[in-house]
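Student: I've got a model open and want to talk it through. Can you take my questions one by one?

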Amino acid sequence: MMITRRAFTAALSVTGLGLLAGFSPLRLITDATAQGAADVAKPQSLPDMALGPANASVTITEYASMTCPHCAAFTEKVFPKIKSEFIDSGKIRFVFREFPLDIKAAAGSMLARCIAKDDAPKFFAVIDLLFKQQNDWVTKNTTETLTRIGKQAGLTQQAVEDCLKDQALLDKLAADQKYAAEVLKVTSTPTFFINGEMIKGDQSFEEFSKRINSMLKS
């Protein structure tokens with residue numbers, strides 16, 4: 001799937017994301033090669049946002065789109081249990097990576113990065129908020145609602161506008177998405193990797209727990 005510049009610009013006018021009109025289109029690449037744990041482990045353009053010890057024997061990497069309802073459901077229902085059982089106890093490391101499926105998802109990801117900067121716990125708190133309010137900012141005036149969320153998090157109006165006009169940041173998101181699609185075979189969200197092993201779509205806490213405990217014992 002390729003979002004052309006013309007379609008991209010037209011989408012902006014419909015969604016209210018006029019601030020992003022000069023951005024390059026995001027691309028979803030479907031031709032992919034096999035991935036390995038080493039390919040998953042290394043961050044690309046953007047620094048990883050992660051919770052848990054860097055030397056943990058088990059790492060879960062999630063690829064998510066901020067407009068994905070299944071990603072929101074995971075964040076609400078499953079992630080808190082994983083955090084309580086495995087992350088807070090120092091047993092695993094959890095990495096969140098953006099895979100924006102549309103321009104609104106890209107805008108949400110950009111705002112989260114701008115609010116949190118290099119503070120990973122703050123980043124996870126922001127994406128949790130964005131997922132909880134997903135219906136508001138995805139279905140209504142996106143720019144206006146994201147601006148309100150940004151202000152609630154301490155950004156000025158100008159800072160939010162600058163964030164949503166940050167060409168370099170969007171280019172990095174697009175580059176990371178391209179890498180995930182081409183090298184790691186990510187084609188949908190959420191997609192998880194547990195020590196390089198891919199798991200697609202909705203999964204229960206019990207399924208994660210079974211896989212994690214198996215790897216912790218090995």
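Predicted model: local features only at pLDDT ≥ 70, side-chain atom pairs only at ≥ 80, totals over all residues.

Student: What is the mean pLDDT of the protein chain?

Tutor: Residues 1–15 stay under 50, although the model gives them 26 contacts beyond four places in sequence (contact means heavy atoms within 4.5 Å). Residues 28–34 are also below 50, with 19 contacts beyond near neighbours in sequence. Even so, 83% of the chain's residues reach 70 or more, and the mean is 86.

Student: How many helices and strands are there in the protein chain?

Tutor: Both are DSSP runs numbered from the N terminus: helices are H or I with at least four residues, strands are E with at least two. On that basis the chain has ten helices and five strands.

Student: Which cysteines does the disulfide join?

Tutor: A disulfide here is a pair of cysteine sulfur atoms within 2.5 Å, and the structure holds one. The S to S distance is 2.2 Å, and the pair is Cys 114 and Cys 163.

Student: What is the handedness of the disulfide, and which helices hold its two cysteines?

Tutor: The torsion about the S-S bond of Cys 114 and Cys 163 is about 95°, so the disulfide is right-handed. It ties together parts 49 residues apart in sequence, because Cys 114 lies in helix 4 (residues 103–116) and Cys 163 in helix 8 (residues 157–164).

Student: Which element gives the largest share of the lining of the largest cavity?

Tutor: On a 1 Å grid over the protein atoms alone, a cavity is a set of points where a 1.4 Å probe fits but cannot get out, and lining residues have an atom within 4 Å of a point. The largest cavity is lined by 13 residues, with Gln 44, Asp 48, Tyr 63, Arg 97 and Asp 176 nearest its centre. Strand 3 (92–98) and helix 9 (167–184) are the elements that give two or more residues. The largest share, three residues, comes from helix 9.

Student: Which residues does Arg 211 contact, leaving aside neighbours within four places in sequence?

Tutor: Arg 211 sits in helix 10 (residues 205–217), and at 25% relative accessibility it counts as partly exposed. Its C-alpha atom is 8.1 Å from that of Ile 194, 17 residues away along the chain. With those neighbours set aside, the contacts of Arg 211 are Ile 194, Glu 197 and Ile 199.

How values were computed:
Residues numbered from 1 in each chain as written. Heavy atoms only, no water. 1 Å grid on protein atoms, 1.4 Å probe; cavity = no way out; pocket = protein on both sides within 12 Å on 5 of 7 lines; lining within 4 Å. pLDDT = per-residue confidence, 0-100. Buried < 20%, exposed > 50% of the residue type's maximum accessible area, 1.4 Å probe, protein only.
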